[in-house]
Amino acid sequence: MNESITGAEALMLALKAEGVTTIFGYPGGSIMPVYDALYDYTRGEKKTFDHILVRHEQAATHAAEGYARVSGRVGVALVTSGPGATNTLTGVADAMLDSTPIVVIAGQVPISALGTDAFQEVDLVGVAQPISKWSYQIRHADDIAWAVSRAFYIARSGRPGPVVLDFAKNAQTETVTFCEQKVDFVRSYVASPALRQDDVQAAADLINSARRPLALVGQGVELAGAQQELMALLERADIPAARTMLGLSALTSDHPLNMGMLGMHGNYAPNMKEQECDVLIAIGMRFSDRVTGNVRNYARQAKVIHLDIDRSEINKNVHADVSVVADCRLSLPAITALLQPARHKEWIDSFRPLQEKEMRLVIEPAIHPAAGPLLMGEVVHAVAQATGGHAILVTDVGQNQLFATRYFRYLQHRSIVTSGGLGTMGFGMPAAIGATLGAAGRVVCCFMGDGGFQMCIEELGTIMEQQAPVKMILLNNNYLGNVRQWQDMFFQRRKSFTRMMNPCYESIARGYGISYRAVTERAQLDEAVGDMLATDGPFLLECAIKEDDDVLPMTPPGMDVDKMQLRI
């Protein structure tokens with residue numbers, strides 16, 4: 001277009017060029033010109049965007065994360081300067097650790113006021129730089145088209161992540177002749193390293209020689225859209241697989257080679273077998289300390305193959321005997337083509353006794369208790385059964401997260417949204433709002449504890465306004481449950497400030513016009529879950545949980561991964 005427009009409207013056109021349809025935001029002084037331009041682009045003949053007014057800027061980033069995680073698109077958050085911008089930083093850090101593509105656009109004071117401690121001025125680029133893939137200050141309207149295109153390219157390419165744009169107010173009001181720019185190359189930034197055939201051959205040779213192979217499946221498989229390529233490799237070489245928490249839906253729960261979840265509170269069999277396998281194949285995962293336990297003694301008997309798009313992950317935590325640095329949508333089929341068909345029946349059968357032991361000692365008592373108060377595991381199990389494995393699981397952080405990820409079922413890809421690396425309480429509800437918009441038509445079940453729920457309780461206002469159909473399951477044990485469990489286990493049961501005095505959640509739900517039901521008895525559970533799922537729009541299901549319900553199994557922090565406890 002040749003006409004002169006404001007920088008604020010140029011931003012609208014740049015976002016439109018990137019295919020943006022949904023924006024999560026909160027207006028303020030330094031972003032008002034953009035919001036004025038946005039007005040015309042949310043209605044009438046120019047309508048391009050749906051703007052979701054959150055109630056706190058941190059929620060804008062978490063909602064953008066939830067949207068991105070289920071849709072595979074870049075989530076967008078729009079906020080003002082100063083506290084509006086700094087409120088987004090937790091979400092930026094969360095997205096960085098969990099490789100979630102979001103773009104945060106924050107207002108900034110005019111460049112003439114920079115460095116004067118102007119009202120709501122903060123050095124956002126400097127603060128955001130260590131926790132983002134890229135942060136940049138748009139100082140003039142001429143920068144807008146290039147900066148926005150570059151931001152989206154960096155956010156979505158390679159290993160995805162967050163980008164922060166600091167948008168000076170003068171650049172919003174200056175005029176410019178908008179010309180769309182498409183950035184698909186950044187010097188010194190290699191988004192997808194070229195696949196090296198000698199690495200592929202070395203990986204295939206190791207797998208072909210393996211007698212006890214084990215695959216560790218991470219979120220990278222989902223990010224690459226390589227779920228079918230993963231299954232082809234596993235099935236050709238008959239390789240049992242375990243999944244990280246963020247990679248749970250990369251391999252369906254009912255797949256015969258799926259051996260469960262890795263990690264501190266994962267499944268017993270795969271954690272034990274990590275210490276027995278002879279070839280360990282890590283695919284799109286980063287060897288978090290919550291997976292490895294004591295890294296010095298982790299899988300020392302195994303040859304390690306590490307497939308990852310990010311070269312910085314190779315040898316960072318665990319030494320790789322063979323590394324294949326490339327998009328796993330390319331590396332997996334390249335390796336599979338060189339694999340000999342194999343059968344590892346004896347090795348796979350050796351998982352069964354461990355699975356049966358966990359089922360007898362942990363799972364059955366957790367999901368089918370004979371008596372006593374409600375347990376978190378049975379609530380999750382009831383919802384999982386009722387949704388048939390087709391719902392999206394969103395969690396907050398804490399025991400609710402650990403029980404939910406363990407006992408939910410995943411029969412569709414991109415079905416889990418949780419805060420893995422940063423462990424952000426308050427993540428759940430806003431992320432669930434984003435998920436309902438990123439995967440319209442799918443059921444979104446959000447499990448929260450009473451602690452995390454109160455960290456984001458203001459977003460009930462967003463749910464009310466949008467009628468976002470979030471099915472909220474509040475697991476209320478009147479404690480910060482995960483901290484309480486650690487206090488019981490490692491601090492002589494000294495429960496220092498973990499007991500919660502909670503409000504009347506029914507009154508709060510009613511105040512926001514949200515359907516509500518409480519479950520205090522086991523006999524009420526199935527009917528209440530059915531009521532929740534049959535209700536159009538949002539629903540809050542509060543479940544009164546046993547106060548000292550503990551998540552098991554557990555590998556105590558700093559211990560070897562095979563020192564997993566089935567009992568406390």
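Trainee: Where is Pro 553 found, and what kind of peptide bond joins Leu 552 and Pro 553?

Mentor: As a general rule, most peptide bonds are trans. Here a cis peptide bond joins Leu 552 and Pro 553, with omega at about -5 degrees, and Pro 553 is found in the segment after strand E20 (539–544). Strands (E, at least two residues) and helices (H or I, at least four) are DSSP runs, numbered from the N terminus. Keep in mind that this is a predicted model, in which local features need pLDDT of at least 70 and side-chain atom pairs count only at pLDDT 80 or more, whereas totals for chains, interfaces and linings use all residues. Residues are numbered from 1 along each chain as its sequence is written, and side-chain values use heavy atoms, with hydrogens and water left out.

Trainee: Which residues is His 265 in contact with, leaving aside its neighbours within four places in sequence?

Mentor: Contact means heavy atoms within 4.5 Å. By that rule, His 265 is in contact with Pro 553, and also with Leu 402, Arg 406, Gln 485, Val 551, Met 554 and Met 564.

Trainee: Which residues lie nearest the centre of the second largest pocket?

Mentor: On a 1 Å grid over the protein atoms alone, a pocket is an open set of points with protein on both sides within 12 Å along at least five of seven lines, and its lining residues have an atom within 4 Å of a point. The second largest pocket is lined by 25 residues, of which Asn 267, Met 359, Ile 363, Arg 406 and Arg 409 lie nearest its centre. Strand E11 (258–261) and helices H12 (268–273), H16 (352–367), H17 (376–387) and H18 (399–407) each supply at least two residues of this lining, and the largest share, six residues, comes from H16.

Trainee: Which non-glycine residues have a positive phi?

Mentor: Most residues other than glycine have a negative phi. Gln 467 has a positive phi of about 50 degrees, and Asn 478 has one of about 60 degrees. The place of Gln 467 is in the loop between helix H21 (460–466) and strand E18 (470–476), while Asn 478 is found in the loop between E18 and helix H22 (481–490). Both count as partly exposed, Gln 467 at 42% relative accessibility and Asn 478 at 24%.

Trainee: How many aromatic pairs are there?

Mentor: A pair of aromatic rings is described by the distance of the centres and the angle of the planes. Rings of Phe, Tyr and Trp (its six-membered ring) pair if their centres lie within 6.5 Å, and planes under 30 degrees apart count as stacked, over 60 as edge-to-face and the rest as tilted. The count here comes to 13 aromatic pairs. Among them, Phe 24 and Tyr 67 have ring centres 6.0 Å apart and planes at 65 degrees, so this pair is edge-to-face. Phe 24 lies in strand E2 (residues 22–25) and Tyr 67 in helix H3 (residues 57–71), so the pair ties together parts that are 43 residues apart in sequence. Phe 24 is buried at 0% relative accessibility, and Tyr 67 is buried at 4%. Trp 486 and Phe 490 are also edge-to-face, with centres 5.5 Å apart and planes at 85 degrees; both lie in helix H22, four residues apart, about one turn of the helix. Trp 486 is partly exposed at 21%, as is Phe 490 at 31%. Trp 134, Tyr 136 and Trp 146 form one aromatic cluster.

Trainee: Which members of the largest nonpolar core touch the most other members?

Mentor: In soluble globular proteins, nonpolar side chains tend to be buried together. A nonpolar core is a set of buried Ala, Val, Leu, Ile, Met, Phe, Trp, Tyr and Cys residues joined through side-chain atoms within 4.5 Å. In the largest one, of 103 residues, Leu 280, Ile 335, Phe 408 and Phe 447 touch the most other members. The largest share of this core, six residues, comes from H17. Leaving aside its neighbours within four places in sequence, Phe 447 has contacts that include Val 379, Val 380, Val 383, Phe 408, Ile 473 and Leu 475. A second, separate core of 43 residues includes Ala 37, Phe 152, Tyr 153 and Ala 171.

Notes:
1 Å grid on protein atoms, 1.4 Å probe; cavity = no way out; pocket = protein on both sides within 12 Å on 5 of 7 lines; lining within 4 Å. Buried < 20%, exposed > 50% of the residue type's maximum accessible area, 1.4 Å probe, protein only.
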